[in-house]
Amino acid sequence: TAQTIDGTAVARKVREDVAKGVEELVARGGTAPGLATVLIGDDPASEVYVRNKRKLSVAAGMQDLHRHLPGDVDQATAAALIDELAADPAVSGILLQLPTPKHLDSEALLARIPAEKDVDGLTTVNAGLLAQGRPGLRPCTPSGVMVLLDEYDVPLKGAEAVVVGRSVLVGKPMAQLLLERHATVTICHSRTRDLAEVCRRADVLVVAAGIPGLVAADAVKPGAVVIDVGIHRTDDGLRGDVDTAAVAEVAGKITPVPGGVGPMTIAMLLANTLAAAKAQQGLED
Ligand code: NAD
């Protein structure tokens, strides 16, 4: 059966490296990075995500510059808060927790985040830099997948990589990051004609479709590396987009849910925040 890719352990290592990096930055005369999480409204899932981001950023030695706005806030007030954080030198990174309440235009709010403080890597500028293969802040979930692949020595150059999903948040940047590492990349989505057939080509299969159990064992080449980005709350606990038990009989390596990609996302947010702070303070290595 497949080797389990331990995202919890890798994420812990990334966070420890970030904490050391923060100490070094301060020792070199810099200021500890400040992370401004912005939560609008009281969605319980978003509250949990933001609480974890704040807790782990503080554990890494960062300043918690969290801001909370009421769910009925108007667009202009939310925009003014982003502008205030954009102008504040203590703020290294701004994270607008999505989704925002429906009456707000979240894209217009994201567009006000300066690229150098966009630690989620979601602004048009950072997406464009990634598309052009130039340095910039990268989206946390796909960059976390890249760290897992590297930690487990998965060869990427010339490898067949298949990404299921083409969202701005995960699938599209995932494909671009794999392309940057010279994989041969195929992107599948909801209109793909024969998903299992395309997936069976993959040496590296990354699934981010948001459909529980979408990828079954017949979609996996023996020995393939399978990365499951999906997260679904079910009565039996968290599940992914992959039928993990069956696929583990075929795959060479596989991420569990939970404990795979999930913990990497916050770890990469912290890594981005440290990188942003160093760049802003002119103290890059
Ligand atoms: P999304 O809904 O924005 O995008 C889903 C993508 O999957 C779309 O591009 C769609 O074309 C494709 N798709 C849908 N049905 C398909 C099908 N039958 N066959 C092939 N492709 C299909 O979702 P997202 O934001 O990209 O997130 C995907 C999943 O990853 C969700 O379960 C989400 O909860 C999870 N997620 C996890 C993390 C993490 O930290 N682990 C982070 C972000 C998202």
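So, where is the place of Asp153? Asp153 sits in the loop between helix 6 and strand 6 (160–164); helices here are DSSP runs of H or I with at least four residues, strands are E runs of at least two, and both are numbered from the N terminus.

Before going on, the ground rules. This is a predicted model, where local features need pLDDT of at least 70, side-chain atom pairs count only at pLDDT 80 or more, and totals for chains, interfaces and linings use all residues. Residues are numbered from 1 along each chain as its sequence is written.

Back to Asp153. Its phi is positive, about 50°, although Asp153 is not a glycine. Asp153 counts as exposed because 7 other C-beta atoms lie within 10 Å; the cut-offs are 12 or fewer for exposed, 20 or more for buried, and partly exposed in between, with C-beta atoms placed from the backbone. His182 also has a positive phi, near 70°, and is in the loop between helix 7 (171–180) and strand 7 (184–188). His182 is exposed too, with 12 other C-beta atoms within 10 Å. For background, most residues other than glycine have a negative phi, and most peptide bonds are trans.

One joins Leu98 and Pro99, omega about -5°, and Pro99 is in the loop between strand 5 (93–96) and helix 4 (106–110). Another joins Val257 and Pro258, omega about 0°, with Pro258 in the loop between strand 12 (253–254) and helix 10.

Now the overall layout. The domain assignment, automatic or from a database, gives domain 1 (30–115) and domain 2 (140–262). Their centres, taken over C-alpha atoms, are 29 Å apart.

What about the core? The largest nonpolar core has 82 residues, and Val164, Val206 and Ile227 are among those with the most contacts inside it. By nonpolar core I mean buried Ala, Val, Leu, Ile, Met, Phe, Trp, Tyr and Cys residues joined through C-beta atoms within 7 Å. Val206 touches Val145, Val163, Val164, Met174, Ile227 and Val229, leaving out residues up to four places away in sequence; touching means C-beta atoms, placed from the backbone, within 7 Å.

Last, the ligand. It is surrounded by 24 residues, the closest being Gly165, Ser167, His189, Gly210 and Thr265; the criterion is a C-beta atom, placed from the backbone, within 6 Å.

Technical notes
Two residues are in contact if their C-beta atoms, placed from the backbone, lie within 7 Å.
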